Amino acid sequence: MEKNVGGYDRIARAVLGPVLIVVGAASLAGFLTIAAGTLGLVVAVAALLVGAVLAATAVTQKCPLNALLGFNTYEGAKTTETESAGKPRAQ
């Protein structure tokens, strides 16, 4: 899979991911109350999981959902038309 996360998309994921991880973990530990009962547990676990996915996609710069939807915000090492027509890229 090619890199498809960059720019402001990556920054947003790198900030929001850890915040959601902390909120989810704090809620599960009992330091923060999001909602009462089972709903609170579900929301806390969802926040933890979504935060982990956002943080992981920010680090790896690869997002399967972006690939599925056709989004690409990564702007590194783009090939030009002449390079892809048979001329090898310098590495």
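Author: Because the model is predicted, local features need pLDDT of at least 70 and side-chain atom pairs count only at pLDDT 80 or more, while totals for chains, interfaces and linings use all residues. Residues are numbered from 1 along each chain as its sequence is written, and side-chain values use heavy atoms, with hydrogens and water left out.

Reader: What makes the pattern of the protein chain α-α-α-α?

Author: The protein chain has four helices and zero strands, where helices are DSSP runs of H or I with at least four residues and strands are E runs with at least two, numbered from the N terminus. Read along the sequence, that gives α-α-α-α.

Reader: Why is H1 called roughly antiparallel to H2?

Author: The axes of helix H1 (residues 7-29) and helix H2 (residues 37-60) come within 7 Å and cross at roughly 150°. H1 is therefore roughly antiparallel to H2, since angles over 145 degrees count as roughly antiparallel, under 35 as roughly parallel, 65 to 115 as roughly perpendicular and the rest as oblique. The axes are lines fitted to C-alpha atoms, for helices over the stretch in contact, and the angles run from 0 to 180 degrees between N-to-C directions.

Reader: How do you know whether asparagine 4 is buried or exposed?

Author: Asparagine 4, in the segment before H1, has a relative accessible area of 5% and is therefore buried, given that buried means under 20%, exposed over 50% and partly exposed in between, with a 1.4 Å probe and protein chains only. Not counting residues up to four places away in sequence, asparagine 4 touches several residues, including Gln61, Asn66, Phe71 and Tyr74, contact meaning heavy atoms within 4.5 Å.

Reader: What makes leucine 65 buried or exposed?

Author: Leucine 65, in helix H3 (residues 64-69), has a relative accessible area of 52%, and is therefore exposed. Leucine 65 and asparagine 4 are 61 residues apart in sequence and 9.9 Å apart in space, C-alpha to C-alpha.
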